[in-house]
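Here are my notes on the model you sent over. Have it open while you read, and go through the points in order.

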Amino acid sequence: MRTSIVGAVIALLLTISLTSPLVVSQGLTPKLGGTLVVIQVGDPKSFNPDAQVDDMGFPIFQNLFNKLVTLDIDYNIIPDLAYKWDVSSDGLTYTFYLYKNATWHDGVPVTAWDVKWTFETINKSKGIAYSWIKASNIKSIDVIDNYTVKFILKQPFAAFLSFLGWYGTFVMPKHMYSNYSDWLDPKNPVLQKPVGSGPFKFVEWVKGDHVTLEANPNYFKGQPYLDKLVFKIIPDANTALSSFLAGEGDVLAVRPPFSEIPKLNSTSGVIVRSRAVPSQWYIGFNLLRYPFNDRTLRLAIAYAINRSYVIEKAMSGYGFPARGGYTSAIKWAFNSNATLPNYNVTLANKLLDDAGYKLGPDGIRQTPNGTKLSIKYTYFTTGPETEAIGVVLKEQLKKIGIEVTLEGLEIGAWEQKVVKNRDFDIALCDGFQGPDPDNMRSRFALGAYLNFANYSNVEYYDLLQNASVTTDFSARQKLYWKAQEIFVHDLAYIPLVDLVAFYIWKTEFHGLPWESAGKVNYNSYALTWWEKGKSIEPEYIVFLKNNALAIVIVLVIIIGVVVAYKVTKKKWSGKTTS
Amino acid sequence: MEWKDYLLRRSAQLLLTVFFALIINFLIINLAPGDPAALMAGELATKEYIEAVRERWGLNKPIPERLVSYLLNVLQGNLGYSYTYLQSVSNLIAERIPVTLLLTLTSSIIAFFVGLLLAVKTSQKAFSKVDLFVSNVMLTIYSIPSFWLGLMLIGIFGVALRIFPTSGMVNVRSTGSGVFLILDIAYHSILPIVTLATIQVPIYYKIARNTIVEQSSEDYVSTFLMAGMSTSSIFKKYVLRNSLLPPVTVFALHLGYVLSGAALVEVVFGWPGMGRLLLSAVYSRDYPLIMGIYLVTSITVSLANFFVDILYTLLDPRVRYK
């Protein structure tokens, strides 16, 4: 009963939230002025956007820098520094034509030489995009003129543009780095005070508290509407929610506890929108270990897991049951015919009975080798749902006579134990599976570091390798579809949940990145505007209005303490004389 | 002469303690599970790439070699560079020290005096209804987790009443300068300080109250009473003075944890202090930064102990310079 109510509420929530903001935004003209405060969970690491994995810095870099091309909220490739590009028919030559009026925040023009330097350095210094753009596959980067640059590849790479538009590929100012042999030289001030080319300029970074950016009036695509963009850092999800509700932030980019989402959605002045993202929760089996190398056992477990129930119990209903061998959020690559086994306990039990997994006296099965079928579920403790998923699995596998114990580890320890040492039975993992299905190659295929199950089907690997170098769209799509069929047959991994991301913001702001598909990257506030617009009052009045309460309260407390001190002192000295 | 020898001996002990702490910290951190290179490389990295990262930060060298070079660097006052922030560890730590001290030191001092004052008030009528009531309240407060109290205060004063900010150190929408900046920081620090002070009050209260009650029943008190001294002057001149030693000791020992002891409250209030720096360093296995913070912490803890010993010799003449 409760299940269906939750389901209905979510369905309603999804439909309401998908339609309402569009209605609000339509028919209004953007206004200049205002500050947008985005609440996020952590600090950036440094302001070299290409050198390190930096998930907290990334949303900030997306407003400070540009890439050659970028990805919008639907992961479509859109122009950024390059207004157009050509790909040769053999898929080996990419020519990019750059905007001629783009400048760095210090006024120096952005040229093809910056592009060449950036990608050569990513290759030389092993930038973070090194693996996924296949930097070693780039034969040469030729500057045709100041605003035209040509990339020549050794082998075709179909996902090249997608990955160029994603992560660790920001074009960087060559002139700020040329005096340093290492692009991570701590002496280089630009690592703390970046010079970018994007819609916002850097103002200050108070570590652990906030990063402030201001509008770049010379932005080559036009000045942004907002005056200021602040990233406020709050590590605790409950506090972040409180801070948002208290009006200290305008966009809540720290996901609140699931239980708070319906309440937030009914708060006036707040919009909650959710959308499917190319990320999944999945479990992997240790194929190096008996009995998990037995496909029948894995198949039985797949039948025994009710994925909808996992979502309801462990994630308060937010998410979609995984359906196949890849995330359904990348629609063109997803094969809807390659389906995972559907929940069927009877069949699961029958499979195990037939394969010789006999029920023991305690209701727990034994392997054909005679050992007890008691398995450990190893998860990382990044949030409450990782454990909750385990609790559900334990309950469900009990029904087919498998005992599950839970082992929660801090993520670094998890990585060491599961990925590096392969010391586990089944493990939970998640991760971003876009922007291109080539991601499967680096995640699940033979030789991939993150392939902790040790899934080594050569046919699967060959299909993905082939797809990676195939430039013909439909041929490539067919290869991925075939790979997914093999993936759901082998079941080295069982995808559980397709994740949903939440966008939470105040109604008084419009033109947010997720409302601007096709125009800006998925974190850019270049088109965001505030309906109240610029204040006509002088700055100091605005400041006093914003801070009046602070000033009054602090003064009252100071006076109170002084008075209390005087009074007690009098009392005490009075006593001594008596 | 005796005094000088004592100081010298204790200082040598202090240095030795810090040195051993340094080595133990290094070994624990480097042997703990978690691979900084893999964490730095990200989830889609190839094995080749992870090895490149390992080499870049010198993590491919054997542990004894790294230990020696680390010790040599520390002796020259160089704590190294943080893997994540690419800044010198000493700068990163120095930035956070005043920010954290504002919370921890202020709250400890407030808690000390409030606890002492309450103890003085209630102990004069020991075992009365008021005394029992305060004792029970203190026990309740003592069992409240700091983060929970913080969240409650945020809910009441930040969200419902909107009198205090919920988090952070400054108003990010319009940050003032000069006096206004100081007022703003003070304003933002009130809730975290109240949280930290509240949970510490019972410690000082309990110790001070019990000692006062104990001291009040000592023979010397009866003697003075019979000699005709007033209760209040006995209390002020002898009982209170004799009762100060335990709470002062606790206070001084607490000073050892002023730098990294408020991590939970810092997280709840988004206060950019040392505790949070340590937590994020641990999550990203930023070895140089973790070791730097541990070093500073072991120094403060050792120093606090050192001062407690010195204090004892000053406050209590019975303690010999051993």
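This is a predicted model: local features need pLDDT of at least 70, side-chain atom pairs count only at pLDDT 80 or more; totals for chains, interfaces and linings use all residues.

1. Start with chain A, which has 16 helices and 19 strands.

2. For the overall dimensions, picture a box of roughly 85 × 85 × 50 Å along the principal axes, filled by the C-alpha atoms of chain A. Of the 578 residues in this chain, 48% are buried.

3. Now the interface. On the chain B side, 57 residues are in contact with 56 residues of chain A. The elements of chain B giving two or more residues to that side are α2 (36–41), α3 (47–56), α7 (146–160), α8 (179–216), α10 (231–255), α11 (263–268) and α12 (274–283). By type, the chain B side that touches chain A has 30 nonpolar, 17 polar and ten charged residues.

4. Next, the largest nonpolar core, with 234 residues. Which of them touch the most other members? That would be A:Ile39, A:Ala300 and B:Ile293. As for elements, α8(B) supplies the largest share of this core, at eleven residues.

5. Finally, zoom in on B:Ile293. Leaving out residues up to four places away in sequence, B:Ile293 touches B:Ile93, B:Ser260, B:Met274, B:Leu277, B:Leu278 and B:Ala281.

Note on methods. Residues are numbered from 1 along each chain as its sequence is written. Chains are lettered from A and ligands numbered from 1 in the order in which they are written. Two residues are in contact if their C-beta atoms, placed from the backbone, lie within 7 Å. Helices (H or I, at least four residues) and strands (E, at least two) are DSSP runs, numbered from the N terminus. Ala, Val, Leu, Ile, Met, Phe, Trp, Tyr, Cys and Pro count as nonpolar, Asp, Glu, Lys and Arg as charged, and the others, Gly among them, as polar. A nonpolar core is a set of buried Ala, Val, Leu, Ile, Met, Phe, Trp, Tyr and Cys residues joined through C-beta atoms within 7 Å. A residue is buried if 20 or more other C-beta atoms lie within 10 Å of its own, exposed if 12 or fewer, and partly exposed in between; C-beta atoms are placed from the backbone.
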